Amino acid sequence: MNFLAQTTSTTTTTTGVTFPTLVLTAMVWIAVVFALAALLMPNQTQDQLRRIKSIGSTGAGAALFFAIWAVETQVPNAAGGTGGIPGGDLVEQHSWLSSFPIASSYHLDADGMALSVIVVVSVVFFCAALAAWRNQRHVKLLTVCLLTLETASLGILVSYDWVLFLLFWTLAIVPVYVLDRAFGHGHGTRTATRYAATSLVSAGLLLLAAVLIAFQAGAQSFDMGVTPVSLPGDGETVAFWLITAASLLAMAVVPLHGALLDLEEDSTGVLSAIFAAVLPSLGAYTLVHVAVGFFPTTSGSFSLFFAVLAVVTVVWGGLAAMRTDDLRRLIGHVGTVFMGLVLLGVAGHTSIAITGIMFLLLARGLVIGVLMLLASLIQERTRRVRISQLGGLAWQAPFLSAFWLLATLAAAGVPLLAGFAGDFFIFTGSFPAHRWASTVVLAGTLLASGALVWTAQRVFLGASRDTFERARDLGPLELTYIGILVGLIVLIGVVPGHFAELFQNGAGYILFPGVA
Amino acid sequence: MPAPNGMAVFATMLPTTLLVALAAVGGLLGWLRPGLPPSFHRWLGALALVGAAAAALVVLRGVALTNGVGLAAYAGGVVADRFSTFAVLLLCGTGLLAILTSGAAEERLGPRLPAYHALILTATAGGAILAVQVEMGMLVVGLGIVVISLVGIVAMEKTAEAPGVAAFRSLVSAGVALALMLYGLAIVYGATGSTDLAAVRGQFLHSAPLEGLGLALTLLGLAYLVGAPPLHHWMLQVASASSGAVAGAVVSIAVAAGGIALVRVMVSGFSATMHPWVVVAGVLGAAACLYPALLSVAAGSVRRLIGLGACLQGGLVLSALVGSGRASDLKPAGGVIALLFGLVVFVLAIQASFQAVARLEEDGIGGDLAGVRGLARRSPMAAVLLSLGLAGLAGLPPLAGFLVRILVASSAVAGGYAWVAVAGVAASAIYAVAVLRWIGAAYVEDDELPVVPHRTPRLASVVGLACALFGVVAMLLAGPLLYAADGAASVLR
């Protein structure tokens, strides 16, 4: 019996023995296994450091392998209506805490929403692990923390039990804190502490929501597989707002965006890419998958709130992006604008809008990841992050400039690039319910896109500067990981249909779980 | 309950008798034969604790023959049941850890090491009495033995002034706590005319304010052991003044014995249906969680941080107590299960943290933030112990303290005290932020100080590391541990 056979179906009967599927378990835990291996490695000589880096890349690569496996086992089923919804081939459930009055189990599963973010998380971490090859400081710490953070991030996405979900959610805080303390530029302690405090508050809110749901739903179980949840009295509203508040904190939408933006600005390139691309996506996943998925009716009744918040976030983010002079902060603001679009999709509360959110999260992670990595490469080459101090880099670094421009176009939602499908579906799905909000949000996204294009003009175009004449273009390693991200941006833009049914099924399950 | 008889007396008191007897033997040998090596006393103590644990398991077999009801002796004053077995095993485990790690304090204890070991055994024996008692007289006896033994352990370190002061302050706090408890019990006795806790429960009038006051005073007195405000200073004092090994022993035994006494007296004795004490426990639990958590943000030394963490665990014990009744659907709220599981986890996290302190002492590294900087490079083992211990106290995943918080919050909400759950969660988050600051300093801030040679005894190091790693193992083995806790709690319902 080979591993492939074991992992592509929940039960295999050729030998008369039942094998559990292991894809999600392997995907989640493989990174931390490699982290443990790295932890035990000596780190004195250059050879030893290289070995640790190899372990980091291999661990992230292995997680990516299983992530692709998980997605590709679902894509063929999507046409038949079984791919992209929970309870399919990927489900894993084993009893864990049965002696406590509220039972908990090791329950992993993945729907379309989760799969969209899984792709982003695994790809960005793999590229970050490759980018980290140039790092020479705290090599072991970086490798261990990155792999642990990847396990936590993937774990959040596939947990179908509140205890597991909270475990991974809280687990993600520690590596982020330690990494920012280690690699932060001067304000590491303050920004890291602020982010940790914010994240712990969100974890606390989620814990209270979980307990409330487990008791009031009457199931006496922490299992998240049964949706929608019906709670008596105001319990449903309270639980919905607890989860929503936690998600909004994690998504860093206006006015809760300060902690994450500071974190992104304060960190080094690889970390900024992960923090900006992955962490808000986990918040968005929680908002859509948990808050909306558990309480579709309640979330629908508060759609005006989400529409208003979307407008505020997008307009604020767009204006801030136009105004900022810091390259990394600019990308952070653009990421905030994307989160505003997610809010608009939630306000739209239609299958089309939710499908759009999945496409958007997929595109957003890749685009923000590329931009952050490119920003760090620009900083590395010029020793500057101020946009006003840069210019004419296209002469020295044509590939770098081209990739930046391509990512900018993807962020703007240009057709045949990854950003288009998400923007299109969100606006289409939200416009009937919130015409004014959709229009204003569209204007806000244009502001953000304009800021990116204007930045490209200021940074890359113009006369070549003597100070940057030794700035080199992308090397083979950099071309590899930037190429992977950009390649995916183009691929998803050209063939969005590959994921369309998967995401549609997932969206249908979130809004109409009974029907699905 | 089966009729008391000689066999029942023997069975219920067997672990206590063994511990006291071997404590006396160890103490006498230390006095008569001062030349015996420290390891002899260590292994004698370990043997006593393993023997007591084995005796508790034998008693469990006897309990099983009574359909799980339990063996009663002394006119029902003591009962051996599944709960007492769980409690004795926990106490013996705690005592064993204290004995096995005593090597780290060998220099400071000097010739008093045999007495130190004997006092650990008597403290454990006192805890064992608290586990089996269901009567006021036995409760006072058990608590008295525990308190005096713990104060004696602290006072054993005569090489410095601070431990002596800490011992004196502990004694004063213990006196106040015992007085409060005695007043409370006297009021309860006056109102009901019985010293038997089960009989008291049957005669209580739920709305009587005087009886409520009696219960509240009893609770306050017992809460002293788990370091709950207002009688928490002794724990901070011991954590700051005593050596790591001694502080670990005292605090962990106190928390274990205190938690067991609280369950036996308040839940098994007075019952969670007695509304007054549950409300007081909620208020006390919320305060005991929030107060040390807020102080921890400004903690200037790792000893104080750990001491505050230990107080926070005490607060969680009290928070679990409020969920020891029935949920709205009349199913058990699970507070006792959470509490018992939590005690196992807390004891090990406390031990691991104080072993890190012991390691810092041995390595000559200061316990302030400047001293901890770059610890991961200078003394990797101390850094691992410290980070795992602190993370365990803060309830950060993947350590089992995280699961305990979920269980405690769940049971508090189920018991109808959501505000206690909110306080516990908020306090844990605040304490986690404080802890992250120290862990971050240990791993990322390096002052290029020299690597220090390891001088901590190997046994103490291994035990400390095992305690720290148990936090992860307990997360994986939470199912069996909760099953055992459920079995112990089932006899109290």
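Predicted model: local features only at pLDDT ≥ 70, side-chain atom pairs only at ≥ 80, totals over all residues.
Leaving aside neighbours within four places in sequence, Ser376(A) is in contact with Gly269(A) and Arg328(A). Ser376(A) sits in helix H16 of chain A, residues 351-382. With a relative accessible area of 14%, Ser376(A) is buried, because the cut-off for that class is under 20%.

Next, select Trp404(A). Not counting residues up to four places away in sequence, Trp404(A) touches Leu327(A), Ile331(A), Leu371(A), Leu374(A), Ala375(A), Ile378(A), Leu452(A), Thr455(A), Ala456(A) and Phe460(A). Together with Trp404(A), they touch the most other members of the largest nonpolar core, a set of 392 residues. Colour helix H14 of chain B, residues 335-363: this helix gives the most to the core, with 20 residues. A second, separate core has 12 residues, among them Ala8(B), Met13(B), Leu71(B) and Ile129(B).

Return to chain A for a pair of helices. Select H4(A), residues 112-131, and H22(A), residues 497-511; their axes come within 7 Å and cross at roughly 130 degrees. That angle makes H4(A) oblique to H22(A). Show side chains where the two meet: H4(A) brings Gly112(A), Met113(A), Leu115(A) and Ser116(A), while H22(A) brings Leu502(A), Phe503(A), Gly506(A) and Ile510(A). Sorted by class, this contact holds 5 nonpolar residues, 3 polar ones and no charged ones.

Move to chain B for another pair. Select H6(B), residues 136-155, and H11(B), residues 244-270; here the axes come within 10 Å and the crossing angle is roughly 170 degrees. H6(B) and H11(B) are therefore roughly antiparallel to each other. On the H6(B) side, display Leu139(B), Val146(B), Leu150(B), Ile153(B) and Val154(B). On the H11(B) side, the contact is made by Val246(B), Val250(B), Ile253(B), Ala254(B), Ala257(B) and Val265(B). The classes in the contact of H6(B) with H11(B) are 11 nonpolar, no polar and no charged residues.

Stay in chain B and select Ala394(B), which is found in helix H17, residues 380-394. Is Ala394(B) buried or exposed? Ala394(B) counts as buried, at 3% relative accessibility. Its contacts, not counting residues up to four places away in sequence, are Arg405(B), Ser428(B), Tyr431(B), Ala432(B) and Val435(B). For a distance to draw, pick Ser84(B): the C-alpha atoms of Ser84(B) and Ala394(B) are 28 Å apart in space, and the two residues are 310 apart in sequence.

Then select Leu469(B), in helix H20 of chain B, residues 458-476. Leu469(B) has a relative accessible area of 41% and is partly exposed.

Finally, colour by confidence. Chain A averages a pLDDT of 88, and 94% of its residues score at least 70. Chain B averages 86, with 92% of the residues at 70 or above. Select residues 1-14 of chain A, where pLDDT stays under 50. For this stretch the model has 35 contacts beyond four places in sequence. The scores for the model are ipTM 0.87 and pTM 0.90.

Methods: Residues numbered from 1 in each chain as written. Chains lettered and ligands numbered in written order. Heavy atoms only, no water. pLDDT = per-residue confidence, 0-100. Axes fitted to C-alpha atoms, helices over the stretch in contact; angles between N-to-C directions. Helix = DSSP H or I, 4+ residues; strand = E, 2+ residues; numbered from the N terminus. Parallel < 35°, antiparallel > 145°, perpendicular 65-115°, else oblique. Contact = heavy atoms within 4.5 Å. Nonpolar A, V, L, I, M, F, W, Y, C, P; charged D, E, K, R; others polar. Core = buried A, V, L, I, M, F, W, Y, C linked by side-chain atoms within 4.5 Å. Buried < 20%, exposed > 50% of the residue type's maximum accessible area, 1.4 Å probe, protein only.
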